[in-house]
Amino acid sequence: MAKIGVFVCQCGNNIARTVDTAEVAKYCSEQDGVVHVEDYKFMCSAPGQEMFKKAIKEKGLDACIVSACSPKMHEATFRNAAEAAGLNPFKVEIANIREQCSWVHDDKEVGTVKSKDLTKMMIERIKFNKPLERYVMPLTKRALVVGGGIAGIQAALDLAQAGVDVHIVEREPSLGGNMARLSETFPTLDCSQCIMTPRMVEVQNHPLITVHAYAELEQLSGFIGNFRARIRQKAKFVIDDLCTGCGECWEKCPFSTESEFEMGLVKRPIIYIPFPQAVPTVPVIDKTECPKILKDKCGLCADVCGPDCIDFTQQDEIKEIDFGAIIVATGFQLMPNVYREYGGWRPPHMTPKKLTAKMRKALPRSDAGRLVDVINGLEFERLASASGPTGGQIRRPSDGKIPEVVVFIACVGSRDCNKGVEYCSKICCMYTAKHTMLYQHAVHHGKSYVFYMDIRAGGKGYEEFINRAQDEGAQYIRGRVSRLTKKGEKILVKGADTLTGQAVDVEADMVVLATAMVPQGDSEQVAQTLGIGYDKHGFFSEQHPKLMPVESSTGGIFLAGACQSVKDIPETVAQASATAAKVLALFSKDEMMRDPEVAIVDQEKCMNCWDCVTVCPYLAIDRVELKDRNGNFRKWAAYVNPGLCQGCGICNTACRSKSIELMGYTNEQVYAQITAFGGDII
Amino acid sequence: MIEAIRNQARLLLENGDVDVVIGYAEGSDPSRTTPIFIRKAEDVEKLIYDPRCINSLPLYLNKRHEYTRKGWKKTAIIGKGCDIRAIVQLIAENQLKRDEIYILGVPCEGVVSHPEKWDGSLHDGNRASKCIGCDVMTPHETDFFPGDKPDVDRSTPYEATSKNVATLMELELDKRFAFWRTDFDRCFKCYACREVCPHCSCNTCITDETTPSWIDPAAHKKGVFSWHLTRAMHLVGRCTGCGECTRACPMGIQVDLFNQRMKEVVQESYSYKPGYSLEDKHPLITYKVDDREDFIK
Ligand SMILES: Cc1cc2nc3c(=O)[nH]c(=O)nc-3n(C[C@H](O)[C@H](O)[C@H](O)COP(=O)(O)OP(=O)(O)OC[C@H]3O[C@@H](n4cnc5c(N)ncnc54)[C@H](O)[C@@H]3O)c2cc1C
Ligand code: SF4
Ligand code: SF4
Ligand code: SF4
């Protein structure tokens, strides 16, 4: 006969408000096998846990139920307490009467009945719980950083400085990300390149950091502590080890195409580095444009290359590397194609490969009447940058004239789910203020207007920064712009000033849109490759919005920077360092303990359909041959590798022959639980 | 046509290319045919094929059946299109290897719904519902086929849905439920529907499980409903629509209505047709980035 203890928690008033805990405890004490009950204010408190341990020891309990909050909160707490009291931790179960009961009901009678049911179900279930032992697993102390923007750079440096072997996978030919595009940065107006490039060089030179530039993560298998990444090193057609970065090739290349780094404002050669300070300085050949690769014409770069490092036959290379933890830092893009509303135009290469339905709605219907001088914030950054296409002189794209009047429009695509996204893109107020200053500094007699909805400048030195922008001449007009039309060489901006209630028309030479930050166009695929969650916009989801903001939904995978939500540089860097700290904590032990709640196959029953092999997201299931006693082949069967299994249970649902059991969630346990709730349906 | 098949079967047996040929022979009365296992070349004359050849022969290829344990290395089987769907599905589910099987494909103009309906010819009054809208009258996967194989477009959904499914779907939910309640009253759980299905391949059927008994073994409403619903779910994306379950039911319950409906849902939701690809895994266990997600609310 079982000796079960039931501990009902009031959670202060959280549970007691809608559940009569004393009544639940009394009901439980009447159930078969229950020899001890408690009804207590805070089971998770120190005295609560002492009471729990004491009962186990004194009453010799062989199973315990805690009717309290979600197992996500305190299952581990009570399992550890049980272990300390000499009871196998897997003989402890939680009945969730808070999240699944008291918090969602307001009728106490209903709440009490439901709590009784939930607890009773657990009592019947636990009679089938078997003691389980934890597994010890090895741990690979090497970290992978996906994305080499400022987030990835910071995380990699922090880790390497703590002695961890780090690999960065960056899909562009150079590290740097969007920050490399910025001219000067708010709130201090220091030069972005100047603060960023030393870090890039530091990454390059650090003996513990390996950079895989122009590479992509193709597949990820395994689990926390034991991931295996398949990295596709895209063919650069340049031999890394030989290249000195002298630049002969890209200077001599006779062909060109739009530069992605320069937002299509100028052209770049076909063999190129994205920007002069690129790290690594090894160029790549754009195989979609190179005439030598496409039709065997040209080949000039190979002729001029001193060390002979151009190889037109190079193929993509696949590398398989083991990692213990992963930091995702894939960043953001500006919302593509918000220009329609404003009659604007977009360089063709910016069309993202995968658009969300919402973005698709915003696509331009035609290019007719396009306004070349309507640009986005990153394009403005390039115009204002000393290393940009105009050498830092602000000139408009159409005719290269210095614009005398510039209109900045805030919240383009943000805070409006009909025209874009519903969230506030948060950094646009700040970079717009910065843009007005950069403009005023470059064009002293120029006039700048900002159309805004609200100013959101919550940050250290941020409000002051906005005031400074206004002092330096920017005229802020509270209101939206309804239309942009061409008027001779100018753009007629039709707007409204909602403070005075008047229509405002401005004839501008150039218009800068403060476009919303959105996730990378392929963020959903990246999330699926990594096996992490993402929200409806495509930002990667954190494990808990408050208490676990840098952990992804998958153990061992952490999130840094703008791939998780809209962020400026200080926040990005802070989060990146936080991920490094998390990885260091994980790597502080030499091996990992794994829960024994894994799947096990009944190999005689298994009919080798391999459905489980197909569904297992962790590739934990192998096909094995069973032999008879003479060593002859007898039958095929599935085998679950307990080291890889995460206990998700998907294979259980796929297996029609019920040949797989998930330890801790066996058919008998679940069946007992369901039938305890009972009720004939038909 | 059948002469060509017989000749090929004879050749296969004489050369020792196959151990057995599974086909149809004349049955106990003129309206019936019977499955036959031919091991001697001289017996091939017994082979026939016409609209009375209803049985789904791939059933015998299912590992669950003793026939496959006779040590035969290679089996030739006469297959009409819908049966070949079943063979292909067995291969896709790793229950059979393509090279263990030699498929003698037959051109098919349809079969009768039940031997009792046979009156000497096939017509709209006695044609099996699965044959309406069939896209494999010229079979898709064969090793031998008498005559030329025309190019057939198989990209569209197969089979018009039987009228009975459509009628049921038009009913209000409670009426539909009432229909099943009365119909299932007759089920006494003989499991003929399971035994005849080429795709029921578990070593232990879930309904025979005892620790725990997920499906109540008794033939009361609960036991019957849980059996039939589980059976239907286990065949989603796998049933190749032979209709044998309904034909085998001694109580005349149209159990394959469930399977037909599920086939429709799968085709609509995932554009997937079981039994056409030797490799594809069924949609309930696979995920594609483009899969519809509109049912996730
Ligand atoms: C116009 C504008 C002005 C701004 N001005 C300022 C400012 O003045 N001050 C400030 O604090 N902030 C500013 N910001 C914000 C700042 O740019 C971001 O906070 C910062 O760049 C975020 O860094 P990140 O590393 O998270 O992302 P990113 O910079 O986007 O870097 C992501 C990196 O990951 C790579 N990547 C993406 N997907 C993959 C993949 N699948 N595999 C491998 N690699 C991948 C990308 O190529 C890129 O290198 C501004 C932003 C904009 C748009
Ligand atoms: S799903 Fe079940 S029957 Fe199929 S291979 Fe896996 S364990 Fe075996
Ligand atoms: S429970 Fe099954 S599907 Fe999930 S990880 Fe383990 S073996 Fe794979
Ligand atoms: S469920 Fe019925 S129709 Fe479908 S394959 Fe099985 S026996 Fe044939």
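This is a predicted model: local features need pLDDT of at least 70, side-chain atom pairs count only at pLDDT 80 or more; totals for chains, interfaces and linings use all residues.
In chain A, strand 29 and strand 30 are connected by a hairpin of three residues.

**Hairpin of chain A**

- Strand 29 covers residues 542-544 of chain A and strand 30 covers residues 548-552 of chain A; the two strands run antiparallel and are joined by two bridges.
- Across this pairing, A:Glu542 stands opposite A:Ser552, which belongs to strand 30 of chain A.

**Five-stranded sheet of chain A**

- An open sheet of chain A is formed by five strands in the order 20-27-21-22-23, with parallel pairing.
- Its edges are strand 20 (374-376) and strand 23 (475-478) of chain A, each of which pairs on one side only.
- From one strand to the next, the twist averages 25 degrees.
- Within chain A, strand 21 (residues 405-412) and strand 27 (residues 510-515) run parallel and are connected by five bridges.
- A:Ile409 has A:Leu513, in strand 27 of chain A, as its bridge partner.
- Helix 11 of chain A, made up of residues 377-384, lies across strand 20, strand 21 and strand 27 of chain A. The helix runs at about 90 degrees to strand 20 of chain A.

**Four-stranded sheet of chain A**

- Four strands of chain A, in the order 2-1-3-4, form an open sheet in which the pairing is parallel.
- Strand 2 (34-40) and strand 4 (92-96) of chain A are the edge strands, and each pairs on one side only.
- Direction ignored, neighbouring strands of this sheet are turned by 15 degrees against each other on average.
- Strand 3 (residues 63-68) of chain A runs parallel to strand 4 of chain A, and five bridges join the two.
- The bridge partner of A:Val66 is A:Ile94, located in strand 4 of chain A.
- Helix 2 of chain A (residues 46-59) lies across strand 1 (4-9), strand 2, strand 3 and strand 4 of chain A, and runs at about 165 degrees to strand 2 of chain A.
- Helix 3 of chain A (residues 71-84) lies across strand 3 and strand 4 of chain A, and runs at about 150 degrees to strand 4 of chain A.

**Loop residue A:Asp308**

- A:Asp308 is situated in the loop between helix 9 (300-304) and strand 17 (317-323) of chain A.
- A:Asp308 counts as exposed because its relative accessibility is 53%, where exposed means over 50%.
- Apart from its neighbours within four places in sequence, A:Asp308 is in contact with A:Leu242 and A:Ala302.
- A:Asp308 and A:Ile239 are 69 residues apart in sequence, and their C-alpha atoms are 8.6 Å apart in space.

- The shell around ligand 3 consists of A:Ala599, A:Cys616, A:Pro617, A:Tyr618, A:Ile621, A:Val640, A:Cys645, A:Gln646, A:Gly647, A:Cys648, A:Gly649 and A:Cys651.
- By residue class, the shell of ligand 3 contains nine nonpolar, three polar and no charged residues.
- Ligand 4 is surrounded by residues of chain B, namely B:Cys197, B:Pro198, B:His199, B:Arg231, B:Leu235, B:Cys239, B:Thr240, B:Gly241, B:Cys242, B:Gly243, B:Cys245 and B:Asn259.
- The shell of ligand 4 contains six nonpolar, five polar and one charged residue.

Terms used. Residues are numbered from 1 along each chain as its sequence is written. Chains are lettered from A and ligands numbered from 1 in the order in which they are written. Side-chain values use heavy atoms; hydrogens and water are left out. A residue is near a molecule or strand if one of its heavy atoms lies within 4 Å of it. Ala, Val, Leu, Ile, Met, Phe, Trp, Tyr, Cys and Pro count as nonpolar, Asp, Glu, Lys and Arg as charged, and the others, Gly among them, as polar. Two strands pair if DSSP finds at least two bridges between them. Axes are lines fitted to C-alpha atoms, for helices over the stretch in contact, and angles run from 0 to 180 degrees between N-to-C directions. Contact means heavy atoms within 4.5 Å. Buried means under 20% relative accessible area, exposed over 50%, partly exposed in between (1.4 Å probe, protein chains only).
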